[in-house]
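The sequence and model are shown first.

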Amino acid sequence: MTVPDFRRANFNLCTENPFRLTPPAAQANPNVTSNGDNANAASAASEHSTQHKSTQQNYPDPSFSDIFSAFSEAFTQRKAQGLAFLELTNSELMLIKKSFFVTVFACLAVFAVGTVCWLILNIAIGAILHSVGVSYVVVPLLLLVFNSVAAFCLFKLAQNSFNYLSFSRLIQTWRRVFG
C-alpha cells in the first residue's frame, strides 16, 4: 500500500453533494480518474455511471447495541480524560503548595543565618573598636549609628522597590502594545 501524495492531488466537485470534493468510490478506486476532459463522450458516460454507483453505496446499518456501546466507550474515554486532567491539576497544585512551604522555610532560614552573621559582624566591629582604644561608652553608640544607617538604607531600598510592586505599569505596557 502506498501513501498518497496530497500535494499533487486534484479535486473535482461531486455532483451528489457540492460540499464533498470527491465521491467515496473515486477515492477508494484508483482506476477511476476524473481529469475534467469531456472530449470523449464514452469516458464521460462511464465516469458519470461510476459517480452514480458511488452515490448508491450500501452504508453499514449499526444496531442499537453497537451505537450504545460506542457511546458508552466514548463516555468512558471522556471520563478517563477528565480524571487524568484532574490528577494533573491536583499534582500541579501540590507542587505549588510544596514550593510555597519550601520557599517560606528557606526565607526563615536565610533570616536566621543572616541575623547570626549580623550579630557576629557587630561583635567583631565592637571588638576591633575596643582594641583600638575606643571607650566602652562610644563603641555601642558607633554600632547603633552604623546599624541605624544600614537599616535606613535598607528601608529606602525596600520602599523604592515597593513602588514597583504594582500591576499598573504592566497594564500600561499591555495597553501600549495591544492598543
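This is a predicted model: local features need pLDDT of at least 70, side-chain atom pairs count only at pLDDT 80 or more; totals for chains, interfaces and linings use all residues.

**Contact of H3 with H4**

- The crossing of H3 past H4 is right-handed.
- On the H3 side, the contact is made by Trp118, Asn122, Ile125, Gly126, Leu129 and His130.
- These residues meet Val139, Leu142, Leu143, Phe146, Asn147 and Ala150 in H4.
- Sorted by class, the contact of H3 with H4 holds eight nonpolar and four polar residues, and no charged ones.

**Asn122**

- Asn122 lies in helix H3 and is among the residues of H3 that meet H4.
- Leaving aside residues up to four places away in sequence, Asn122 touches Leu143, Phe146 and Asn147.
- Buried means under 20% relative accessible area, so Asn122, at 10% relative accessibility, counts as buried.

**Cysteines**

- Zero disulfides are found in a search of the whole structure.
- Cys107 has a relative accessible area of 48% and is partly exposed.
- Cys117 is also partly exposed, with a relative accessible area of 46%.
- Exposed would require over 50% relative accessible area, so Cys107 at 48% and Cys117 at 46% stay in the partly exposed class.

Conventions
Residues are numbered from 1 along each chain as its sequence is written. Side-chain values use heavy atoms; hydrogens and water are left out. A crossing is left-handed if the near helix is turned anticlockwise from the far one by less than a right angle, and right-handed if clockwise. Helices (H or I, at least four residues) and strands (E, at least two) are DSSP runs, numbered from the N terminus. Contact means heavy atoms within 4.5 Å. Ala, Val, Leu, Ile, Met, Phe, Trp, Tyr, Cys and Pro count as nonpolar, Asp, Glu, Lys and Arg as charged, and the others, Gly among them, as polar. Buried means under 20% relative accessible area, exposed over 50%, partly exposed in between (1.4 Å probe, protein chains only). A disulfide is a pair of cysteine sulfur atoms within 2.5 Å.
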